[in-house]
Amino acid sequence: MRQRIAVIGAGPAGLTFARVLHRHDHAVTVFERDAASDARPQGGTLDLHKGLGQLAMSKAGLLAEFQALSRPEGQAMRILDTDGTVLRDWPHDPDEDANPEIDRGQLRDLLLGPLDVQWGRGVTEVVPGTPDGVLVRFADGRQETFDLVVGADGAWSQVRPAVSSVTPHYTGVTAVETSIDDVDTRHPGLARLIGDGSAAVYGVNRGVVAQRNSGGHVKVYAQFRVPLDWHTNPDGQAGVDADIDTGSDAGPDPAGAEALRARVLALFDGWSAPVLDLLRHGTAFVGRPLYVLPVGHTWAHVRGVTLLGDAAHLMPPLGLGANLAMLEGAELAEAVAAASGPDDLDKVVRAFEEQMWERAGRWAKFTTAGLERLVSPDPAEAIALFDEVHAS
Ligand SMILES: Cc1cc2nc3c(=O)[nH]c(=O)nc-3n(C[C@H](O)[C@H](O)[C@H](O)COP(=O)(O)OP(=O)(O)OC[C@H]3O[C@@H](n4cnc5c(N)ncnc54)[C@H](O)[C@@H]3O)c2cc1C
């Protein structure tokens, strides 16, 4: 069967879909809004779970390459009190390979491999049901038609309106991200505090998580419950424009980022020096209000269009989104590669959607409840959540 297939978005979902189709000798066109693979930093580290992201890598024929690059020691986790005292310490067990970490940039390069991505091709609209198939309109004014369009274009998907009118809503929690380079040589005290993997600190309605990436790079995330207009309207007063990423294309603003650091530090007033140093020594600051789609988001099936990953089921970032996105990409690709004609293609896409909705619904419920407990009025709830996860 040779159908015209397009995937929109070269994130974990879209690239895994394309890579598995490529492995099955099936042509697919990948359209990505970014101008090039290195147009923007890819962000922090991802842990790929054995039955999810690692299974997807295996379906893509990339498990050995993943294992060579990934960091099993990154599974180490500790929880600190706001004064820096270690409350829980789960060191890395050398026999444990359930969730090794990999930098997002490394993962993207692995998945890209031989794929021919059309960079700088942002999609603006998808129109199903035209006489020649599904019409895709691009920001550059061009348009093309396909038999199947897969929307893997993330939280603010431009494909989603073709199947669903639902849009993401704010969770009440904002994350601010910063980074520290060469932590082992420049900040050995912080390196010891973080350990081999991640360290987290929880207070009332707020927390700080520091995660090692490769090469001594550390990503630090401060999370807190605030109104959405917190960055422009703190305490009801006019504020400065911070570098807040709401899914728009706003560029970095160093002055805004400095103001954001000061504002974040004020929120953590009273926490001890070693913990606050994670924020004080951070370089660029970026704010990310956490948005989600409703738990159990589904849609009436539309022939020729489907969604994967965050576009289908954006959920709180508790370590599952990329894993689900990749497994969905791999599973849909296998089903599409095995389809015997246009009607069969439609049938397998329908069946895939049912399976995706069921699994994603379960994880969306879990991560939504998890965010409530991690950023909660009672910090003991966050620790209890980690105890439960480590016991299971
Ligand atoms: C701070 C943070 C930490 C996280 N940590 C983890 C973790 O440890 N483990 C985990 O599993 N998940 C994690 N997640 C969640 C994870 O990042 C997402 O679930 C995952 O990236 C979703 O993959 P995706 O391919 O569906 O979407 P995305 O990664 O968002 O990729 C979408 C792609 O589509 C492109 N695009 C967007 N719009 C268009 C358009 N109109 N036209 C063309 N291209 C377009 C984008 O440029 C992008 O390349 C985390 C999220 C955050 C915010």
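The talk below goes through sheets, hairpins, helices and the ligand.

Modeller: Gladly! This is a predicted model, so local features need pLDDT of at least 70 and side-chain atom pairs count only at pLDDT 80 or more, while totals for chains, interfaces and linings use all residues. Residues are numbered from 1 along each chain as its sequence is written, and side-chain values use heavy atoms, with hydrogens and water left out.

Colleague: How do you know that β2 and β7 pair?

Modeller: Two strands pair if DSSP finds at least two bridges between them. Strand β2 (residues 29–31) is joined to β7 by two bridges, so the pair meets that definition. The two strands run parallel, and Phe-31 stands opposite Gln-118 in β7. The names come from DSSP runs, numbered from the N terminus: helices are H or I with at least four residues, strands are E with at least two.

Colleague: What makes β7 and β17 edge strands?

Modeller: The sheet they belong to is open, with five strands in the order β7-β2-β1-β11-β17 and parallel pairing. Strands β7 (117–118) and β17 (305–307) each pair on one side only.

Colleague: How do you know that helix α1 packs on this sheet?

Modeller: Contact means heavy atoms within 4.5 Å. Helix α1 (residues 12–23) touches β1 (5–8), β2, β7 and β11 (148–151). Its direction makes about 155° with that of β1; axes are lines fitted to C-alpha atoms, for helices over the stretch in contact, and angles run from 0 to 180 degrees between N-to-C directions. Helix α11 (residues 342–374) packs on the sheet too, touching β11 and β17, with its direction at about 25° to that of β17.

Colleague: Why is one side of β5 and of β16 left without a neighbour in the sheet?

Modeller: They belong to an open sheet of seven strands, in the order β5-β4-β13-β14-β15-β12-β16, with mixed pairing. β5 and β16 (286–292) stand at its edges with a single partner strand each, so one side of each has no neighbour in the sheet. From one strand to the next, the twist averages 20°.

Colleague: Which strands in that sheet run antiparallel?

Modeller: Strand β4 (residues 77–80) and strand β5 (residues 86–90) do, joined by four bridges. Met-77 has Trp-90 in β5 as its bridge partner. Their hairpin has five residues between the strands, and Gly-84 there takes a positive phi near 95°. Another antiparallel pair is β13 (residues 198–203) with β14 (residues 206–212), over six bridges; there Ala-200 is partnered by Val-209. Helix α12 (residues 379–391) lies across β4, β5 and β13, at about 20° to β5.

Colleague: How many residues surround the ligand?

Modeller: There are 33, and the closest are Glu-32, Arg-104, Val-123, Asp-310 and Ala-322. A residue counts as near if one of its heavy atoms lies within 4 Å. Helix α10 gives the largest share of this shell, four residues.
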